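Here is a short briefing to read alongside the coordinates. Keep the viewer open and follow the topics in any order you like.

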Amino acid sequence: PNLDATGEPEGKLTYASPDYAPGPSGTARIPATLLALVRNEELDGMLQSMHDLERTWNHKFNYPWTFFNDVPFTEEFKTKTRAATKAECRYEVIPREHWDMPSWISKELFDVSAKKLKEQGVQYADMLSYHQMCRWNSGMFYKHPALADYQYYWRVEPNVHFFCDVDYDVFRYMRDNNKTYGFTISLYDSPESIPSLWPETLKFLSEHPEYIHENSAMEWLTDKDGRPEHYAKANGYSTCHFWTNFEIADMSFWRSKAYEDYFNHLDRAGGFFYERWGDAPVHSIAVALFEDKNRIHWFRDIGYQHIPFFNCPNSPKCKGCVTGRLTDGEPFLYKEDCRPNWFKYAGMG
Ligand code: GDP
Ligand code: MN
């Protein structure tokens, strides 16, 4: 039989309860937004993502879109994205103090490190804006005043695909079921991009053992059997992370004292620039340590692709992806899937 990522046979896909369906019984929207950090040059890709998400989900709910950029959006960007949805669209410029390299980072040391990382094959290592983007996604976006009245967000990148009709309000689902963090894909990371992330995390934890949740997913973070070489090169971290180009999450978590302290510790340690720490391992480690693992939810029913990986449920509601297949690419990519480990240590969430 056709198996999806959990190994369950065809036909057993469980959608969330019909209580979350749109319709007259549905009350007002909850404070949530679709959120995209995007460049003007990525307009076509953004429209592609919007068309898919509007078609499969948002035309039933009309959650607003909030677009962020480090430079102002062009009129063309605004006009064309506005035309892709019935919902409200807002366009926000990121303040310099959220985007610029912090004062305690040395540009010289960045250049030297970038060169070294590049030689080790770390993607985007010498692209300063990529480092800034990862830092902003890790610890800044939820501090923007435009998001002050929102609690939940769904992160959307340009050029992603959504395949399945989703008939319930995922934000309401998150709230009513006490979910903090929702993901579709979980992968192993490139250990060369994060050699000191786990050691820094352990340093932080020794100062703040009280932040570790009693039902944390520590075992998932520290699994050594999945990819022993990754675990070794990342100095004790499995490198398993939620792939954050898709995220449905509760910003109260990022706004908590525990996360703020953790982010500040990491920010001071310098690895957003001297290494190439991604927002994916940073978010994943934090949520896996400081939150109850039962509050982390795998959205198996949201068919999703960001090249080269898919989350593709087994359902007639999904069109255009192959059930259970992680990638269309070379088979060597299959070993990148960390979802089986998540299911092993944390159940279905
Ligand atoms: P990848 O998915 O890791 O290959 O990285 P992407 O190039 O897709 O970047 C991740 C997200 O950040 C995408 O939504 C990009 O549009 C956005 N992004 C990356 N760098 C910048 C930047 O310098 N400015 C802006 N405005 N957006 C950026
Ligand atoms: Mn991307």
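Two strands pair if DSSP finds at least two bridges between them. Strands (E, at least two residues) and helices (H or I, at least four) are DSSP runs, numbered from the N terminus. This is a predicted model, in which local features need pLDDT of at least 70, side-chain atom pairs count only at pLDDT 80 or more, and totals for chains, interfaces and linings use all residues. Residues are numbered from 1 along each chain as its sequence is written, while chains are lettered from A and ligands numbered from 1 in the order in which they are written.

**The open sheet**
- Strand 11 (residues 304-306) and strand 12 run antiparallel and are joined by 3 bridges.
- Within that pair, H306 stands opposite F309 of strand 12.
- The open sheet has 3 strands in the order 5-11-12, with antiparallel pairing.
- Its edge strands, strand 5 (161-162) and strand 12 (309-311), each pair on one side only.

**Strand 9 and its partners**
- Strand 4 (residues 152-155) pairs with strand 9 in the antiparallel sense over 4 bridges, and R155 has E247 as its bridge partner.
- Strand 6 (residues 181-183) also pairs with strand 9 in the antiparallel sense, over 2 bridges, with Y181 opposite A249.
- In a regular strand the side chains alternate between the two faces of the sheet.
- In strand 9 (residues 247-250), E247 and A249 point one way, I248 and D250 the other way, and all are buried (20 or more other C-beta atoms within 10 Å of a residue's own, with C-beta atoms placed from the backbone).

- A nonpolar core is a set of buried Ala, Val, Leu, Ile, Met, Phe, Trp, Tyr and Cys residues joined through C-beta atoms within 7 Å.
- The largest one has 84 residues, of which A36, Y152, F183, W243 and A286 touch the most other members.
- Helix 13 (residues 279-290) gives the most to this core, with 8 residues.
- Because 12 of the 12 residues of helix 13 are buried, this helix is largely enclosed by the rest of the structure.
- Leaving aside neighbours within four places in sequence, A286 is in contact with Y259 and Y262 (C-beta atoms, placed from the backbone, within 7 Å).

**Around ligand 1**
- The residues around ligand 1 include R39, E42, D70, Y130 and E157, where a residue counts if its C-beta atom, placed from the backbone, lies within 6 Å.
- Helix 5 (residues 128-139) supplies the largest share of this shell, 3 residues.

Key
Two residues are in contact if their C-beta atoms, placed from the backbone, lie within 7 Å.
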